[in-house]
Amino acid sequence: MAAEPKPEILAAFQAAKGFMPVGEGLALHTAATDAAALGLPLLEVGTYCGRSTILLADAARAAGVTALTVDHHRGSEEQQPGWEYHDPTVVDPEVGRMDTLPTFRRTLHAAGLEDHVVALVGRSPQVAAVWGGKVGFVFIDGGHTDEHANGDYEGWAPHVAEGGLLVIHDVFPDPAHGGQAPYRVYLRALASGAFTEVSVTDSLRVLRRTGTGI
């Protein structure tokens, strides 16, 4: 039986600025709850304004672990001015660039989850390079170019503990439905022999570490 978030957590998720549909959010929460049983931190790459972080933090709180979330908070490629997912309300007027960090902090505060999350502000490969420990869960939902998606995978997949989960968002086998970089990373993870698919929910793929390497 999947452990669904309480109504107030689901309401906070739905109220938060972001793009993840409810169905994928419920699958993410189930995976995070599963992985949290390892007693290790849960980590996501791509915080944006904290919509998915709410679900990871709720699972982390229940298990007595910490949710980690990595983002430079300047927005990914498709969120820049002139692109489809640009939101001018998260542009810092003083510097003229996106800054989603204040919105993220308000999101966690409103959900009552600030004490269960550590925000790692920086570029994913740089943070991964100085991260020394294992995690029970890695959720890749950052930049959608091949460079960024592969950088996230190469930086963080090695830190997934035995039995831990690697979750990849925006996996679209059909190019007509979305960009292909996350799909290629998903195929790479399967081909590595290190990860075995656990579940598929729309564009969300959940893989478990069952071997070594990446």
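Which residue takes a positive phi in the hairpin of E8 and E9? The model examined here is a predicted one, in which local features need pLDDT of at least 70 and side-chain atom pairs count only at pLDDT 80 or more, whereas totals for chains, interfaces and linings use all residues. Residues are numbered from 1 along each chain as its sequence is written, and side-chain values use heavy atoms, with hydrogens and water left out. In the hairpin in question, which has 2 residues between its strands, the positive phi is that of Asp 202, near 55 degrees.

The protein comprises 7 helices and 9 strands, where helices (H or I, at least four residues) and strands (E, at least two) are DSSP runs numbered from the N terminus. Its radius of gyration is 16 Å, close to the 17 Å that the globule rule gives for 214 residues, so the protein is as compact as a globular protein of that length; the radius is taken over C-alpha atoms, and the rule is 2.2 Å times the number of residues to the power 0.38. Along the principal axes, the C-alpha atoms fill a box of roughly 50 × 35 × 35 Å. Of the 214 residues, 48% count as buried, a term that denotes under 20% relative accessible area, with exposed meaning over 50% and partly exposed lying in between (1.4 Å probe, protein chains only). Among contacts with a separation of 6 or more, 70% are accounted for by residues 24 or more positions apart, contact being defined as heavy atoms within 4.5 Å.

Strand E9 (residues 204-209) has 5 of its 6 residues buried, so this strand is largely enclosed by the rest of the structure. Strand E9 pairs with strand E8 (residues 195-201) in the antiparallel sense over 6 bridges, and 4 bridges join E9 to strand E7 (residues 160-168), again in an antiparallel arrangement; pairing requires that DSSP find at least two bridges between two strands. Val 206 in E9 stands opposite Ser 199 and also opposite Val 167.

Ile 168, which lies in strand E7, is buried, with a relative accessible area of 1%. Leaving aside neighbours within four places in sequence, Ile 168 is in contact with Ile 140, Pro 182, Val 185, Tyr 186, Ser 203, Leu 204, Arg 205 and Leu 207. The C-alpha atoms of Ile 168 and Gly 46, which are 122 residues apart along the chain, are separated by 11 Å.

Among the helices, H3 (residues 51-63) has 10 of its 13 residues buried, so H3 is largely enclosed by the rest of the structure. These buried residues are Arg 51, Ser 52, Thr 53, Ile 54, Leu 55, Leu 56, Ala 57, Asp 58, Ala 59 and Ala 60. Ser 52 has a relative accessibility of 7% and, not counting residues up to four places away in sequence, touches Phe 13, Met 20, Leu 28, Glu 44 and Phe 139. Helix H3 is followed by Gly 64, whose phi is positive, near 75 degrees.

Val 22 belongs to helix H2 (residues 22-36) and counts as partly exposed, at 27% relative accessibility. With neighbours within four places in sequence left aside, Val 22 is in contact with Leu 10, Phe 13 and Gln 14. The C-alpha atoms of Val 22 and Thr 47, 25 residues apart along the chain, are separated by 17 Å.
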